[in-house]
Structures are given as C-alpha cells and as structure tokens.
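Please find below a colleague's note on this entry. It is meant to be read with the sequence and coordinates open.

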Amino acid sequence: MARKSRKELDGKYFHIMVQGIGKEMIFPEDEHKGYYLSIMEKAKIKNKTFIFAFCVMGNHAHILIKADKINKVSLFMKEVNTEYARYYNNIMERVGYVFRGRFKSEVINDEKYLVNCMAYIHNNPVKAHIVKKAEDYKYSSYTNYLTKRGIVDFKEAGKHYDISPSNIKAIMKEKSHSKWLEHDDTEYEDEEEVFEELIKKYNITKNRLEEDEILKSVIDEMQERTGLSLRKIAILLEINRERIRSVIANKNS
C-alpha cells in the first residue's frame, strides 16, 4: 500500500508548469522533449535544485522540484526556458515568445500533497489519452522511478516517500482515479507579466484604450489568461469600471 504521510513541509517544494504560447506544440517531437530534459539536468546542478518528478508533453511540461530559496526556482526556470526558447526558435526558424508567460508555480505544503502531485504529473499522458499506461510514456519521471535511472534526485525524494518501483506503482494505482487529478492544466498566469506582454502586443496607450475593439481584445485576453475580475482589470488598466462594463455589454449584445 502506498505511504500516506501527512508531514508538513517547509515551503521548499514547488509544482512548476510551463505552457507554449497560444498552447502551441512547443515540444512536438522526441528530440525537443529530450533537449528540454537535458537542459533541466544541467540547470538543476548549477542552481542546486532537486527534481522529484517531471513530464514533458506536446504543449506543456510539469516539474516537481525542491529548492532552499524561491530565487533558485526562478533562476532554474529562467535558465531552462531561455535556453529552450533559443533552441526552439532556431530549429523551427521562427522568432518571438515560445512560452506562455514565465512559468506557474505552486508551493507544496505537506508530504501527502507531494505524493499526490508526483502521481498527478506521472498521470498526465494517460489523462491526455497519449498512452494507456503511464509507464509507456518516455518523457515522464515515472520511468526514472521504475528503472532507477534518469534525472530524478532519488536520494532527496526518498526522504519523503518510499522510492522503490513497487511502491511507486502502488502510489500510481491508488492515485490514478483520484478527484485531485482532475486539476486543470490551464492554470492562470501572473497578471503583471501578462499585462506587460499585452502592452507590447497591442501598443497600449490611453488613446488606444479608447478604441472599443482594442479594449475588448485586451479584456478578453486578460480574463482568459489571468482569471481577473472586471473590477481588477479596470484598476490595472486605470479605466473607469463603467467603461469596461459598457464595452462588455456591447460585445455581448
């Protein structure tokens, strides 16, 4: 039976998610997924972070890591995503943003949640109907645990749960149908980062926001990507709330 620990953690564990801009397939082939993992392996050593789980899918990736300081997470992800964006733009002969925003992070507060998160990450390819069994997906850390080879930091992970293949299999069997695994992959982005991106994208100025079509586009994208309320969007754009409501009402009429 999988271990059911409830030990509280110290805020050093993070579930990271990155996604292609516009949900673009930024990891379309095996070579792209493999290159992303090779960057992760180098970056974790340089930034003294520990990888507990990962899964690189077609348009997004999940990483479960430990770092003693939050800035190490930022440095790790900046290095990984910057290098991958350079590689991807070069190989695909394109320019511009590769990732949707910077990255999304969620603090893991206790060991039970840590185990849940590990199982959730490993279950992604099954949930997406890419494979029938998690062990059949090559670019997930599940195979690392089963073979005891790969970029997972087994010694660190073993401090929180039994990392034997039999127990990892038991965890997956226990957690694979959990409601917790219905967590939505389309997580919201940081509102300030999205706003900065939209300023450039729409060349936002006070005069530009007087144009209904521009304002509608900005509102739609802010809501979709950040989940902000109209009140908060009005504050961020420094626009009267009634102006926002008027544009929304015209859009829906």
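1. Overall fold. The model is predicted. Its protein chain has 10 helices and four strands, and the order of elements from the N terminus is β-α-β-β-α-β-α-α-α-α-α-α-α-α. Of the 253 residues, 48% are buried. The accessible surface is about 13400 Å², with 50% of it belonging to carbon and sulfur atoms. Counting contacts between residues at least 6 apart in sequence, 72% join residues at least 24 apart.

2. H32. This residue lies in helix 1 (residues 30-46). H32 has a relative accessible area of 4% and is therefore buried, the cut-off being under 20%. Beyond neighbours within four places in sequence, H32 is in contact with I26, F27, Y84, Y87, Y88, I91 and M92.

3. V247. Helix 10 (residues 241-252) holds V247, which is buried at 1% relative accessibility. Leaving aside neighbours within four places in sequence, V247 is in contact with D212, L215, K216 and I219.

4. D212 and R243. These two form a salt bridge, with the closest N and O atoms 2.7 Å apart. The pair links distant parts of the chain, as D212 is in helix 8 (residues 212-226) and R243 in helix 10, 31 residues apart. D212 is partly exposed at 30% relative accessibility, and R243 is partly exposed at 24%. D212 is also one of the contacts of V247.

5. Other salt bridges. The count of salt bridges comes to 12. One of them joins the side chains of R94 and E24 (3.5 Å, N to O). R94 lies in the loop between helix 2 (70-92) and strand 4 (104-107) and E24 in the loop between strand 1 (13-19) and helix 1, so this pair ties together parts 70 residues apart in sequence. E24 is partly exposed, at 27% relative accessibility.

6. K138 and D30. Their side chains meet in a salt bridge (3.6 Å, N to O). K138 is in the loop between helix 3 (111-127) and helix 4 (142-147), while D30 is in helix 1, 108 residues apart. K138 is exposed at 57% relative accessibility, whereas D30 is partly exposed at 42%. Separately, K66, E156 and K159 are linked in a network of salt bridges.

7. Surface patch. Which residues form the negative surface patch? They are D190, E191, E192 and E196. D190 sits in the loop between helix 6 (165-175) and helix 7 (191-202), and D190 is partly exposed, with a relative accessible area of 39%.

Note on methods
Residues are numbered from 1 along each chain as its sequence is written. This is a predicted model: local features need pLDDT of at least 70, side-chain atom pairs count only at pLDDT 80 or more; totals for chains, interfaces and linings use all residues. Side-chain values use heavy atoms; hydrogens and water are left out. Patches are made of residues with over 30% relative accessible area and no salt bridge: like charges are joined within 9 Å, nonpolar side chains (Val, Leu, Ile, Met, Phe, Trp, Tyr) within 5 Å. Accessible areas come from the Shrake-Rupley method with a 1.4 Å probe; for residues, only the protein chains shown count as cover. A salt bridge is a side-chain nitrogen of Lys or Arg within 4 Å of a carboxyl oxygen of Asp or Glu. Lys and Arg count as positive and Asp and Glu as negative; His and the chain ends are not counted. The place of a charge is taken as NZ of Lys, CZ of Arg, CG of Asp or CD of Glu. Helices (H or I, at least four residues) and strands (E, at least two) are DSSP runs, numbered from the N terminus. Buried means under 20% relative accessible area, exposed over 50%, partly exposed in between (1.4 Å probe, protein chains only). Contact means heavy atoms within 4.5 Å.
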